[in-house]
Amino acid sequence: MSDYLPEEVWIDIFTRLQVKSLLRIRSVCKFFHRIINNPSFISDHITSTKRTRIPLVRYLTGRKRIERKEHYLLLPDDMDNMQELDFPFKSKSFKHFRIVGSCNGLICLSDSKGSYLCKGDSAYGIILWNPSIKKYLTLPKPLRSHGAYSFVLGFGFDLKSGSWRNCNAGAAPYGIWKWGSSAYVNGAVHWIGYSPRTEEVNHGQSRDLIVSFDINNEVFKEMNLPDDLEKWGLELSLGVLGNKLAAIQYHSWKQRMFSVWVMEEYGMVESWREMYDVDMMGKHMKFVGFTNNGDILVEIASHKLVLYDHNDLRYINVGVRGAKDSFHMETYMESLVLLDGESAVSQSKAITCEGEAR
Amino acid sequence: MSSSTELTEKKVFLLKSLDGVIFEVEESVAVQLEVIRELIEGDCARPFISLYNVTSEILALVIEYCKHHAETCSGGTSATIADEDLKTFDNEFMNVDENILLELCSAADYLDIKSLFELTCRTLASLIKDRTIIEVRKMFNVENDFSVVEEKAVRKEFAWAFK
């Protein structure tokens, strides 16, 4: 066999294979096993342009606690081939896990009593889960090292070092709206936040802005919102449209409408552009996420997931119904990251953050 | 050196395979082999180039592939028609025995023909993807060097992937 092809050719062939095939052919021979387990292959496999990114929607069903089930559904471009992932975990909190983010095939879940981690909440812990290889890792509970302040979580990947390491950035010099979503773009996690109130700046007025945390150099930075949005931080969500940072404004004050803004050139405040508006037709709707082709997914009042086609200006029922406010969307891709993690295969007993099955 | 210049002007190269068969190819075909293009650009191309890693059977196929691609790309047809034509040709071209496919991939790597390398890798990947372990071993003539216990352990770790 090796008479035919050198190792780098096998690597090239293997980067084109789906995760499930790779997990199988690991047992062909020791040579294949070594190639596929190699961290540099795992990272080549991720960066290979052949990997597709698919929207992943989470929602909760079941009214009674015992009936509750978290669903993780992949929504490919043609909605006919939706696929549900096996979800082996059980939240110890009153509802469901909070999804911190998703990156390189890993989904970061946090379990806490409240919807958000803050002082007084009992945090059960954080899980990194790779559904494509059914493996997971639990992380230590966050340290409460910053006194009376609460904290938010973000999840991303260091594009430059390409490896895991400890971050110790200390406290953000900004406020961050805790309820807001975070967005991972360009090697940094972004939140909607506000500048501290100082007399020198802004005459004591707080100003809404985007707070970013660069994972490589561990630095917090601020980025201005478009002028039109500067006072409306409380009505904003962040998302990723294409590979660009997007801000979604919910006009509750005026009329029921969404505006979608995109930062065309990362870091350039003047490149913010209003892409389109979504008329909610007098109904209550909640932004969930973007699909690959830029349409938006919203949760409507009857707790159904609906796709808004922004070209044809029409709503399409996805056919999914879940508990109020349980919808969340991330972009997902397959990967071999965490190959040596704990097994997260669905069994009769669900896995909790503390590792104990119940 | 003078004879080299003369032949380069005629734009014909002689490629000699591992088993000594000589193929005459035009420059437009030869330059698709990146190794030869570099020789030409570096002005080091001799009229007679020995390719030590490629048998005549495979070299004939490689030349057929490069010829078709060179002709299609210079044929003056519109880009979309040329693309369609190449796609059809590539599909038919890949309809070969698996051993030949492996050797073509190896030759494309050695001769540095990017499009053929991409094509053979893609085809091999699609052949592997749905095969069982035993079929993959047979296909590549791979010896199973795991012990029974080792193989069982490797399979058990992702038993669900075998279903």
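A residue is called buried under 20% relative accessible area, exposed over 50% and partly exposed in between (1.4 Å probe, protein chains only). This is a predicted model, in which local features need pLDDT of at least 70 and side-chain atom pairs count only at pLDDT 80 or more, while totals for chains, interfaces and linings use all residues. Residues are numbered from 1 along each chain as its sequence is written, chains are lettered from A and ligands numbered from 1 in the order in which they are written, and side-chain values use heavy atoms, with hydrogens and water left out.

**View 1. A patch of negative charge on the surface of chain A.** The patch gathers A:Asp227, A:Asp228, A:Glu274, A:Asp277 and A:Asp279. A:Asp227 counts as exposed because its relative accessibility is 66%. A:Asp227 is placed in the loop between strand 12 (219–223) and strand 13 (236–241) of chain A. Patches consist of residues with over 30% relative accessible area and no salt bridge, like charges being joined within 9 Å and nonpolar side chains (Val, Leu, Ile, Met, Phe, Trp, Tyr) within 5 Å. Asp and Glu count as negative, Lys and Arg as positive, and His and the chain ends are not counted; each charge is placed at NZ of Lys, CZ of Arg, CG of Asp or CD of Glu. Strands (E, at least two residues) and helices (H or I, at least four) are DSSP runs numbered from the N terminus.

View 2. A:Lys134 sits in the loop between strand 6 (123–130) and strand 7 (135–139) of chain A, and it counts as buried because its relative accessibility is 15%. With 49% relative accessibility, A:Asn186 counts as partly exposed.

**View 3. Salt bridges of A:Asp325 with A:Lys286 and A:Lys324.** A:Lys286 and A:Asp325 meet at 3.4 Å, N to O. A:Lys286 lies in strand 17 (residues 285–290) and A:Asp325 in the loop between strand 20 (314–321) and strand 21 (328–332) of chain A, so the pair ties together parts that are 39 residues apart in sequence. A:Asp325 also forms a salt bridge with A:Lys324 (3.3 Å, N to O). A:Lys324 is partly exposed, with a relative accessible area of 48%.

**View 4. A salt bridge between A:Arg314 and A:Asp309.** The two side chains meet at 3.7 Å, N to O. A:Arg314 counts as partly exposed, at 43% relative accessibility, whereas A:Asp309 counts as buried, at 11%.

**View 5. A nonpolar surface patch on chain B.** B:Leu18, B:Tyr52 and B:Tyr110 make this patch of about 340 Å². Accessible areas come from the Shrake-Rupley method with a 1.4 Å probe, and for residues only the protein chains shown count as cover. B:Tyr110 belongs to helix 6 (residues 98–111) of chain B and counts as partly exposed, at 31% relative accessibility.

Note on methods
Salt bridge = Lys/Arg side-chain N within 4 Å of Asp/Glu carboxyl O.
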